[in-house]
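Subject: Structure for you to look at

Dear colleague,

I am handing over the structure we talked about, and below it you will find my notes on what turned up in it. Please read them with the model open beside you.

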Amino acid sequence: MLVVVERGTGEVIWSRTLPFGQAGQHAARLASDGRVTLFVNNEWCGDELCSSLVELDPITGEQLWSWRPERPSDFHSLITGWVERQPSGNYLVSWSRGAGSFEAFELTREGEIVWRWSRPSGLEDGELYKFFFRISRVPWSRVETAMELF
């Protein structure tokens with residue numbers, strides 16, 4: 001379900017139940033054209049669980065775009081994940097398997113991975129969980145400014 005809440009009062013001013021049976025959707029982002037992107041966890045892809053990315057029209061509920069990997073086991077996050085459409089039309093995605101394994105990538109609308117960064121599994125002594133939640137694109141000029149501080 002997508003919900004818009006008035007911050008000052010907590011009143012629900014708009015809501016929509018999604019017409020497709022996806023559970024675990026989160027990280028809803030409203031783009032400038034009114035479309036909403038979602039990261040979906042724990043969806044059945046054949047006989048195994050996977051995650052998927054979805055873009056929909058929040059007024060009609062119509063699914064306008066979606067992406068799943070060819071092998072469902074290559075993209076399954078239990079509880080985290082983020083997708084955000086970029087001005088270029090590509091999607092910036094981050095997710096975690098838990099146990100210290102993180103991944104981020106940029107995806108074209110056609111499903112081509114432009115670049116990928118990953119951290120292999122592994123927890124340090126005493127760590128129970130380690131998750132990577134969200135990635136953001138930052139203009140290089142801001143990076144240069146931040147580097148001047150160090």
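A residue is called buried here when its relative accessible area is under 20%, and by that cut-off both Phe75 and Trp95 are buried. Please keep in mind throughout that this is a predicted model.

To begin with the overall layout, the secondary structure of the chain amounts to one helix and ten strands, and from the N terminus on the elements run β-β-β-β-β-β-β-β-β-β-α. The chain has 150 residues, of which 37% count as buried. Among the contacts with a separation of 6 or more, 39% are between residues 24 or more positions apart.

The aromatic residues deserve a careful look. The structure holds six aromatic pairs, and one of them, formed by Phe75 and Trp95, is edge-to-face, with 5.1 Å centre to centre and 75° between the planes. Phe75 lies in the loop between strand E6 (63–67) and strand E7 (82–85), whereas Trp95 lies in strand E8 (residues 91–98), so this pair ties together parts that are 20 residues apart in sequence. Both rings also belong to one aromatic cluster, which is formed by Phe39, Trp67, Phe75, Trp95 and Phe105. If residues up to four places away in sequence are not counted, Phe105 touches Trp67, Phe75, Tyr91, Leu92, Val93, Trp95, Ile113, Trp115 and Arg116.

In soluble globular proteins, nonpolar side chains tend to be buried together. Here the largest nonpolar core has 13 residues, and those with the most contacts inside it are Phe39, Leu53, Trp67, Phe75, Val93, Phe105 and Leu107. The elements that contribute two or more residues to this core are E6, E7, E8 and strand E9 (101–107), and the largest share, three residues, comes from E8. Apart from this core lies another, of six residues, with Leu38, Val40, Val54 and Leu56 among them.

As for the strands, an open sheet of four has the order E3-E4-E5-E6, with antiparallel pairing. Strand E3 (25–30) and E6 stand at the edges with a single partner strand each, so one side of each is left without a neighbour in the sheet. Neighbouring strands of this sheet are turned against each other by 25° on average, with direction ignored. Within it, strand E5 (residues 48–56) and E6 pair in the antiparallel sense over four bridges, and Leu56 stands opposite Gln63 in E6.

Another antiparallel pairing is that of E9 with strand E10 (residues 113–119), the two being joined by six bridges; here the bridge partner of Phe102 is Arg119 in E10. The hairpin of E9 and E10 has five residues between the strands, and in this hairpin Gly111 takes a positive phi near 95°.

Is Thr37 buried or exposed? Its relative accessibility is 2%, and so Thr37 counts as buried. Not counting residues up to four places away in sequence, Thr37 touches Ala27, Ala28, Arg29, Val54, Glu55, Val83, Glu84, Arg85 and Tyr91.

With best wishes

Definitions and conventions: Residues numbered from 1 in each chain as written. Predicted model: local features only at pLDDT ≥ 70, side-chain atom pairs only at ≥ 80, totals over all residues. Heavy atoms only, no water. Phe/Tyr/Trp six-rings, centres within 6.5 Å; stacked < 30°, edge-to-face > 60°. Buried < 20%, exposed > 50% of the residue type's maximum accessible area, 1.4 Å probe, protein only. Pairing = 2+ DSSP bridges. Axes fitted to C-alpha atoms, helices over the stretch in contact; angles between N-to-C directions. Core = buried A, V, L, I, M, F, W, Y, C linked by side-chain atoms within 4.5 Å. Contact = heavy atoms within 4.5 Å.
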